[in-house]
Amino acid sequence: MQSSGPSPSAPIPFDTGRRRKILIANDDGIFSPGIKALALALAEVGEVRVVAPDVEQSAVGHGITIRRPLRFRHTASAGFGDLPAYRVDGTPADCVVLGVHLLGTPDVVVSGINIGPNMGHDLTHSGTVAAAIEGLAFGVPSIAFSQVSGDSGEYSFGPGAAYAARLVEHVLATGLPPRTLLNVNFPAGELKGARATRLSDHRYEDSLVKRQDPEGKDYYWVAGTIRAEDVGDDTDKGAVLAGYASVTPVRLDLTAQDLLPSLTEGLPGPQELHAQNVPSV
């Protein structure tokens with residue numbers, strides 16, 4: 001006999017009850033231990049829905065899939081228990097788009113916990129941060145969480161997940177300014193506390209490694225060395241090195257406001273362009 005209820009793979013929208021609605025995404029994929037720890041901790045704060053890539057999508061930035069269809073599948077095997085969790089064969093930003101449209105607008109979008117830090121210049125290519133940015137596109141307060149590994153390369157997500165729950169509660173209660181997200185990085189081990197920080201100059205200096213395949217044809221690996229010269233106590237890098245969670249407000253207004261007056265005065269006008277005999281197209 002065919003069941004009259006929704007199929008296990010059908011989207012289960014957020015309840016319209018009084019619990020706050022939390023949409024969780026990441027870029028490490030649905031099976032990452034970081035997103036599992038985060039989702040289980042936030043289940044104590046509100047109603048959770050997980051929508052994450054089916055495979056790792058690190059460093060994809062804010063890409064959106066527009067030239068092929070996307071799949072949205074329930075994933076019971078990812079270890080989220082009774083929490084509805086879905087995998088998408090797309091980018092972190094895709095996950096937020098599908099999550100909002102299929103499950104309903106949440107009260108907060110949360111991304112992570114990422115395996116590895118997202119500090120300084122990392123934000124320009126981070127899929128973790130991109131999911132939070134996409135949350136802002138829907139007008140929803142958004143937070144990105146990332147975790148530094150210990151000396152052995154192992155990750156301990158428990159302390160960070162516990163703090164994330166407290167921070168999400170705070171944001172749900174107080175909100176965030178428009179077009180502003182929080183970018184949070186956790187140190188390895190127990191937390192000494194949290195610091196409000198600015199972005200450091202943490203960055204990768206890219207290099208290109210050239211090799212040959214068995215047929216003698218060239219291929220390339222993009223490699224890089226981490227550089228961070230600005231590690232003051234008020235930076236994300238400095239806070240994490242000192243054992244604190246760094247909480248950095250990131251505003252998505254890329255306009256160089258201080259240059260507008262001088263740029264306005266110095267722009268060539270139509271008469272100057274004609275005087276230079278610029279050919280018309």
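Analyst: Start with β7 and strand β11 (residues 245-251): 6 bridges join them, and they run antiparallel. Strands here are DSSP runs (E, at least two residues), helices are DSSP runs too (H or I, at least four), and both are numbered from the N terminus. Two strands pair if DSSP finds at least two bridges between them.

User: Which residue in β11 is the bridge partner of N185?
Analyst: S246.

User: Before we go on, where does the model come from?
Analyst: This is a predicted model: local features need pLDDT of at least 70, side-chain atom pairs count only at pLDDT 80 or more, and totals for chains, interfaces and linings use all residues. Residues are numbered from 1 along each chain as its sequence is written, and side-chain values use heavy atoms, with hydrogens and water left out.

User: Back to β7. What joins it to β6?
Analyst: 5 bridges join strand β6 (residues 142-147) to β7, and the two run parallel.

User: Is β7 buried or exposed?
Analyst: Buried. That holds for 7 of the 7 residues of β7 (residues 180-186), so the strand is largely enclosed by the rest of the structure. Buried means under 20% relative accessible area, exposed means over 50%, and partly exposed is in between (1.4 Å probe, protein chains only).

User: Which residues cover the two sides?
Analyst: T180, L182, V184 and F186 are on one side, with L181, N183 and N185 on the other. In a regular strand the side chains alternate between the two faces of the sheet.

User: New topic. Where is S200?
Analyst: S200 is in the loop between β8 (194-196) and β9 (203-212). It counts as buried, at 6% relative accessibility.

User: What does its side chain touch?
Analyst: The S200 side chain makes a polar contact of 2.7 Å with that of D236. A polar contact is a pair of N or O atoms within 3.5 Å; within protein, one must be able to donate a hydrogen and the other to accept it, and residues adjacent in sequence count only if both atoms are side-chain atoms.

User: How many salt bridges are there?
Analyst: A search of the whole structure finds 7. A salt bridge is a side-chain nitrogen of Lys or Arg within 4 Å of a carboxyl oxygen of Asp or Glu.

User: Show me one.
Analyst: D107 pairs with K21, the closest N and O atoms being 3.7 Å apart. D107 lies in the loop between α2 (92-103) and β5 (108-115) and K21 in strand β1 (residues 21-25), so the pair ties together parts 86 residues apart in sequence.
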